[in-house]
Amino acid sequence: MNSSALRRVAVIGAPGRMGRMACALLEAQTDLAVVARVGRGEDLGDALVRSEAELGLDLTVAGAGAAHGERMLELGVRPVIGTSGVSLDENRALDELARERGLGGLVVPNFSLGVWLLQRACEEAARFFPDAEIVEMHGKHKKDKPSGTALDTAERMAAARDAEVEGSVPIHSVRLPGLYSNQEVMFGGLGEVLRLRHETYSMQCFEAGILAALRYASRALGVGRGIGAAFEDLGVR
Ligand SMILES: NC(=O)c1ccc[n+]([C@@H]2O[C@H](COP(=O)([O-])OP(=O)(O)OC[C@H]3O[C@@H](n4cnc5c(N)ncnc54)[C@H](OP(=O)(O)O)[C@@H]3O)[C@@H](O)[C@H]2O)c1
């Protein structure tokens with residue numbers, strides 16, 4: 001793929017909150033073009049083939065991301081999966097399939113710069129504090145529980161400790177009207193508690209990450225996990 005070429009992007013879940021935001025964002029770019037807006041009930045394969053998409057941005061419903069990623073790779077399309085709930089095993093399977101086909105992509109449980117930095121701090125703290133719990137707080141509309149971001153944070157903390165993921169970091173989920181999207185990670189030690197907290201105020205916090213992920217995926221080999229590689233590789237802003 002020519003590095004200065006216009007990238008043709010299919011947005012899957014385009015009618016949703018994230019999908020609408022992503023389409024408007026991509027329309028303002030000179031190197032990325034929305035060539036398909038895919039909603040529920042539409043045939044993903046047909047839409048990808050008809051539109052000749054090179055990249056697919058999945059923002060649908062928790063649990064659908066891995067299958068959509070597999071379908072994209074089978075059709076030669078590079079997936080960026082922002083949808084919650086792609087497990088580590090599913091991510092590894094997508095990575096293998098992509099490498100077999102000489103393609104790349106990215107699974108991104110959270111596109112925000114602040115969450116990425118929070119997770120890096122949590123990985124460091126988890127090595128020193130054996131006891132930690134996550135409290136994730138979202139509005140009532142959020143369909144999945146716990147959030148994909150909380151699961152990803154727990155997985156990263158377990159990996160930093162070289163521990164099993166299962167049960168390593170308890171997650172508490174709060175769903176209330178008025179909340180948008182916040183995550184606090186509490187580390188308890190002798191006579192002290194360290195709190196690391198991220199607060200989201202609008203979907204704007206996902207914009208830089210969505211663009212970085214698509215640009216990174218357009219030339220990556222394999223399907224990695226997390227926005228870090230894209231931010232490190234391309235610069236954040
Ligand atoms: N990675 C991140 O940083 C990040 C940030 C925020 C949210 N998310 C995740 O992104 C996803 C979307 O969030 P959202 O708030 O935009 O949700 P949403 O408003 O419910 O939008 C999801 C859209 O996808 C559609 N859809 C469902 N299944 C589909 C399928 N199989 N094929 C095509 N379209 C399908 C839905 O249609 P219907 O309305 O008919 O169901 C809806 O239009 C969720 O998994 C959420 O957790 C990720």
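**Helix packing, ligand site and backbone features**

The axes of helix α5 (residues 113-126) and helix α6 (residues 148-161) approach within 8 Å and cross at roughly 35 degrees. Axes here are lines fitted to C-alpha atoms, for helices over the stretch in contact, with angles from 0 to 180 degrees between N-to-C directions; helices (H or I, at least four residues) and strands (E, at least two) are DSSP runs numbered from the N terminus. The model is predicted: local features need pLDDT of at least 70 and side-chain atom pairs pLDDT 80 or more, whereas totals for chains, interfaces and linings use all residues. Residues are numbered from 1 along each chain as its sequence is written, and side-chain values use heavy atoms, without hydrogens and water.

In contact (heavy atoms within 4.5 Å), Val115, Gln119, Cys122, Glu123 and Ala126 of α5 meet α6 residues including Asp152, Arg156 and Met157.

The ligand has 24 residues around it, of which Met18, Arg40, Ser84, Val108 and Phe111 come nearest; a residue counts if one of its heavy atoms lies within 4 Å. Backbone N or O atoms of Met18 and Phe111 each lie 2.8 Å from an oxygen atom of the ligand. For Val108, a backbone N or O atom lies 2.9 Å from a ligand nitrogen atom.

Lys145 and Pro146 are joined by a cis peptide bond, with omega about -5 degrees, and Pro146 lies in the loop between β6 (131-138) and α6. Glu52, in the loop between α2 (44-51) and β3 (55-58), has a positive phi near 55 degrees. Most residues other than glycine have a negative phi, and most peptide bonds are trans.

Notes
Polar contact = N/O pair within 3.5 Å; in protein donor to acceptor, adjacent residues only side chain to side chain.
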